[in-house]
Amino acid sequence: MSAGHRAGSPAASGFSLDRVGPPPSEAPTIVIVLRAEDSKVWAAMADRLASATRCGVAVVAIDAGVPDPRVVALALDRLGFERGLLVGDDLHAASVAGHLGRVADHRVRGVVLLRPRL
């Protein structure tokens, strides 16, 4: 990941967070929530996605377990998310949908659920 600024955080609360591109205070952010074992695939695409969209891209890799919308809320707070899109992949499409079902998060401007297992 090399487009713009890169920031990461160690695994905490069952997830890791890696970000490329402009920070949330400067541009919308595309937040991708997925299983940790899929993070290498998405990390490889994050640079291209950030360059093509001029948005920040954050990959939230959840270690294991049952989808939990609270993890999404915690990751967005840790990221400093201000506005953008949420993408939930596979099992964690349910985490994203659950987060939006629990709170009226006006920072989220769009949602993509890929291969959802709801």
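These legends go with several close-up views of a predicted model.

Residue numbers start at 1 along each chain as its sequence is written, and side-chain values use heavy atoms, with hydrogens and water left out. Because the model is predicted, local features need pLDDT of at least 70 and side-chain atom pairs count only at pLDDT 80 or more, while totals for chains, interfaces and linings use all residues.

**View 1. Confidence along the chain.** The protein chain has a mean pLDDT (the predictor's confidence in each residue, from 0 to 100) of 86, with 88% of its residues at 70 or more. Strand β6 (residues 108-114) comes out highest, at a mean of 95, and strand β1 (residues 7-12) lowest, at 46. Helices (H or I, at least four residues) and strands (E, at least two) are DSSP runs, numbered from the N terminus. Over residues 1-12, pLDDT stays under 50, and the model has 32 contacts (heavy atoms within 4.5 Å) for them beyond four places in sequence.

**View 2. Helix α2 against helix α3.** Helix α2 (residues 69-79) packs on helix α3 (residues 93-102) at about 80 degrees, axes 7 Å apart. Axes here are lines fitted to C-alpha atoms, for helices over the stretch in contact, and angles run from 0 to 180 degrees between N-to-C directions. So the two helices are roughly perpendicular (65 to 115 degrees; under 35 is roughly parallel, over 145 roughly antiparallel and the rest oblique). On the α2 side the contact uses P69, R70, V72, A73 and L76, and on the α3 side S95, V96, G98, H99 and R102.

**View 3. A salt-bridge network.** R35, E37, D38, D89, D90 and R115 are linked by salt bridges (a side-chain nitrogen of Lys or Arg within 4 Å of a carboxyl oxygen of Asp or Glu). D90 meets R35 at 3.0 Å, N to O; D90 sits in the loop between β5 (84-89) and α3 and R35 in strand β3 (residues 29-35), so the pair ties together parts 55 residues apart in sequence. D90 is buried at 6% relative accessible area, whereas R35 is partly exposed at 21% (buried is under 20%, exposed over 50%, partly exposed in between; 1.4 Å probe, protein chains only). R115 pairs with D89, their closest N and O atoms 2.8 Å apart.

**View 4. L114 and its neighbours.** L114 lies in strand β6 and is partly exposed, at 30% relative accessible area. Its C-alpha is 4.7 Å from that of D89, 25 residues away along the chain. Not counting residues up to four places away in sequence, L114 touches W42, V87, G88, D89, D90 and A93.
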